[in-house]
Amino acid sequence: MPIVVLLIAIAGLEAWYLIAQPQFPRAEPTPPTTPLRGAIYILVGFLAGLLGGIIGTGGCSVMLPIIHFWGGFPATMAIGTTLFAVMFTAISGGYGHLVRRNVDKRAAAWLGGVGVGGVILGSWLFVVIARQAMKLLGLILGVVFLWPAARMVYEGLMPWLKKGQRPGGPEGNTIPGAGWALGAFGFVIGITTGIVGLGGGYALVPGLIYLFGAPVYITMGTSLAVMIPLALVGGLIKLFQGYVDFSAGCLLAIGTIMGAQVGAAIIKRFRPATLKLIFGAYFLYVSLKFITGYFGIMIW
């Protein structure tokens, strides 16, 4: 029922925007939202939410490159719009994992509480970069994607590279680590969220697994729970700054919410190593696309 209420609320916001046509600030132009584009946004959002619900992200890592490279959105508008959509996705996915007890509440409180301060700082840095070095923003996105991509691909392939090794990380229901360490990590995640607008899941998941030795399934759910405050603060700041296409953001959110519920429901049907490999392969592709684009080389 809470998810249905959330979907109705977002649909209401979309209808209000189309009817009232409020003049939200717009830093750069974006393609108009036609019925066809609207349907595509919902589909893209659903696929992003499905994958995000499985690997513990809000789907930004899927939506951002699609609407930027193939949807005609400038990089700054793609960053802001997807982060805005993830505000709602994180609520949906976080709730789905919470009712399935896939969330470490203590870790989520430390990561999200301190991380909000990092989001505010990162949002200010985003404006500075956007105004002075647009191409640099794409390179930053690529570099940020690269580290977790490489680690996740490596760990995902370990069961096949070393026969007999037990796949996945440790089991359990809690994430180890001192509160101050989790808070410091959350602050760094918040800064990158404010700059590159990915909600933080792309770094939270591998960071908690490799730095804190967290169980894989609990990490996925906790990551989405942490993204609720990070995406909420970051998305609203981006909206105020004019880097959000409100209509596209709402449609993406509708799709991701539905997809995230499906992803959260089927997550335990996947082996941890498989999740890592899916996560890493996609991030590696996106990373290379952003980095080569900075040097004028476009890959499909």
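This passage describes the fold of one chain and several of its residues in a predicted model. Local features need pLDDT of at least 70, side-chain atom pairs count only at pLDDT 80 or more, and totals for chains, interfaces and linings use all residues. Residues are numbered from 1 along each chain as its sequence is written, and side-chain values use heavy atoms, with hydrogens and water left out.

The chain holds 11 helices and zero strands. Helices (H or I, at least four residues) and strands (E, at least two) are DSSP runs, numbered from the N terminus. Along the sequence the pattern reads α-α-α-α-α-α-α-α-α-α-α. Of the 300 residues, 55% are buried. Buried means under 20% relative accessible area, exposed means over 50%, and partly exposed lies in between (1.4 Å probe, protein chains only). Contacts (heavy atoms within 4.5 Å) were also sorted by separation in sequence. Among those between residues at least 6 apart, 85% join residues at least 24 apart.

Helix 1 covers residues 2–20. The expected span of a helix is 1.5 Å times one less than its number of residues. Ile3, Leu6, Ile10, Glu14 and Tyr17 are buried in helix 1. Viewed down the axis of helix 1, the buried residues fall within an arc of 75 degrees, so they line one face of the helix. The arc is that of the directions from the helix axis to the C-beta atoms. An α-helix has 3.6 residues a turn, so residues three or four places apart point the same way. Ile8 and Ile19 are exposed, on the face of helix 1 turned away from its buried side.

Gln21 follows helix 1. This residue is found in the loop between helix 1 and helix 2 (35–55). Phi of Gln21 is near 50 degrees, a positive value in a residue other than glycine. Gln21 has a relative accessible area of 54% and is therefore exposed. A positive phi also occurs just after helix 3, at Gly72, with a value of about 80 degrees. Helix 3 itself spans residues 60–70. Its buried residues are Cys60, Ser61, Val62, Met63, Leu64, Pro65 and Ile67.

Asp245 lies in the loop between helix 9 (216–241) and helix 10 (246–266). The residue is buried yet has no salt bridge. A salt bridge is a side-chain nitrogen of Lys or Arg within 4 Å of a carboxyl oxygen of Asp or Glu. The nearest side chain of opposite charge to Asp245 is Arg26, 4.0 Å away. Here Lys and Arg count as positive and Asp and Glu as negative; His and the chain ends are not counted. A polar atom of the Asp245 side chain lies 3.1 Å from the backbone nitrogen of Ala248. Residues up to four places away in sequence aside, Asp245 touches Arg26, Thr30, Pro31, Thr33, Phe73, Met77 and Thr81.

Helix 5 (residues 105–132) includes Ala107. Ala107 has 0% relative accessibility and so counts as buried. Not counting residues up to four places away in sequence, Ala107 touches Ile175, Leu182 and Thr222. The C-alpha atoms of Ala107 and Gly186 are separated by 9.7 Å, although these residues are 79 apart along the chain. Ser123 is also placed in helix 5. At 1% relative accessibility, Ser123 is buried. Apart from neighbours within four places in sequence, Ser123 is in contact with Gly194, Ile237, Lys238 and Gln241.

Met220 belongs to helix 9. With 0% relative accessibility, Met220 counts as buried. Its C-alpha atom is 9.7 Å from that of Pro206, 14 residues apart along the chain.

Leu136 is found in helix 6 (residues 134–161). Its relative accessibility is 35%, so Leu136 counts as partly exposed. Leu136 and Ile291 are 155 residues apart in sequence and 9.7 Å apart in space, C-alpha to C-alpha. Thr274 sits in helix 11 (residues 272–294). Thr274 is partly exposed, with a relative accessible area of 25%.

Terms used
A polar contact is a pair of N or O atoms within 3.5 Å; within protein, one must be able to donate a hydrogen and the other to accept it, and residues adjacent in sequence count only if both atoms are side-chain atoms.
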